[in-house]
Amino acid sequence: MEHTLLQRIMKTFMLQQLLTLLIICNWFHLAYGKTRSVSDIANPLDDPKNCGQSGRSHICNPDSLIPIEQAAQLEDIINGIHNDTVCTSCPTSCRSGYILGIAVIEAMELDQSLHKFNATSKDQAKYMDAVLKEAKHYAEKLLHHWKMGHCNEDVLIFFSKNDSVLYTVTNSEAQKKLTDEVVGDIALHSRIKFRKEGNITEGFKEILNNYRLVFLNNYKSKSFWESEPAHSPQFSGSKTNCLRNHCSTLLLLFSAAAAVWKLAT
């Protein structure tokens with residue numbers, strides 16, 4: 001009963017494209033380490049070397065967070081999606097498969113004043129809001145600059161490790177199938193793989209393969225709790241109690257043609 005009620009509340013938030021707070025019992029985290037501005041992230045189609053790739057690619061991995069051989073595996077999946085799908089809503093003159101790109105960096109450049117925040121709910125909200133806005137800016141800029149598609153059928157997945165934020169932005173034609181609600185649902189079930197103890201390559205594989213299913217009209221949404229093992233450490237006590245106690249938060253932002261995922265670290 002409790003699970004069903006919470007699922008209905010979450011689904012309502014998704015449909016309304018609101019900022020959804022999901023409770024994860026972890027402490028407040030601020031990002032440090034090497035940072036990159038959005039202009040520091042090259043286009044892997046034109047400048048693969050500065051993206052850590054040996055040849056033309058759809059993946060920019062300048063901080064080598066994904067091993068070369070694993071990046072090649074992701075590239076194969078991306079190419080497979082393009083070959084196996086058709087953007088049926090696209091104009092006939094440029095109708096082809098959907099095109100996806102990945103940008104993964106160690107950390108974004110954020111206002112230094114954010115690092116002075118303490119682990120209070122007020123400061124945490126300010127920090128998370130700033131991170132989400134910056135991730136949105138990075139993803140949209142990269143999608144625009146990379147120009148992967150020919151008729152707005154492209155999608156970009158942006159991940160900043162130390163900022164713990166995953167953001168998928170979809171262009172207009174791709175968004176007709178890969179809606180904000182679906183993106184959020186897929187991110188929700190893949191989130192564990194993007195935590196410090198996870199494997200981000202496997203996380204990207206899971207997301208890409210689910211996006212493929214969406215484009216092929218074969219994706220079926222899972223229950224939220226199916227992805228949450230009974231022994232998972234991020235919930236203390238019952239999930240309902242964790243919700244009431246306002247533990248640290250995992251944020252999902254659903255806005256026009258985009259979904260944002262703030263990961264608990």
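Guide: Helix axes here are lines fitted to C-alpha atoms over the stretch in contact, with angles running from 0 to 180 degrees between N-to-C directions. This is a predicted model, in which local features need pLDDT of at least 70 and side-chain atom pairs pLDDT 80 or more, while totals for chains, interfaces and linings use all residues. Residues are numbered from 1 along each chain as its sequence is written, and side-chain values use heavy atoms, without hydrogens and water.

Visitor: At what angle do α2 and α6 pack?

Guide: Helix α2 and helix α6 (residues 200–215) pack at about 5 degrees, their axes being 10 Å apart, where helices are DSSP runs of H or I, at least four residues, numbered from the N terminus. That makes the two roughly parallel, a label for angles under 35 degrees.

Visitor: Which residues meet there?

Guide: From α2 they include Leu74, Ile77 and Ile81, and from α6 Phe204, Leu208 and Phe215 are among them, with contact meaning heavy atoms within 4.5 Å.

Visitor: Switching topic, where's Arg95?

Guide: Arg95 sits in the loop between α2 (68–84) and β3 (99–105), a strand being a DSSP run of E, at least two residues.

Visitor: And what does Arg95 contact?

Guide: Beyond neighbours within four places in sequence, Arg95 contacts Val86, Cys87, Thr88 and Cys90. The C-alpha atoms of Arg95 and Cys151, 56 residues apart along the chain, are separated by 7.7 Å.

Visitor: How many residues of α5 are buried?

Guide: In α5 (residues 180–190), 10 of the 11 residues are buried, that is, under 20% relative accessible area with a 1.4 Å probe and protein chains only; Val183 and Leu188 are among them.

Definitions and conventions:
Buried means under 20% relative accessible area, exposed over 50%, partly exposed in between (1.4 Å probe, protein chains only). Angles under 35 degrees count as roughly parallel, over 145 as roughly antiparallel, 65 to 115 as roughly perpendicular and the rest as oblique.
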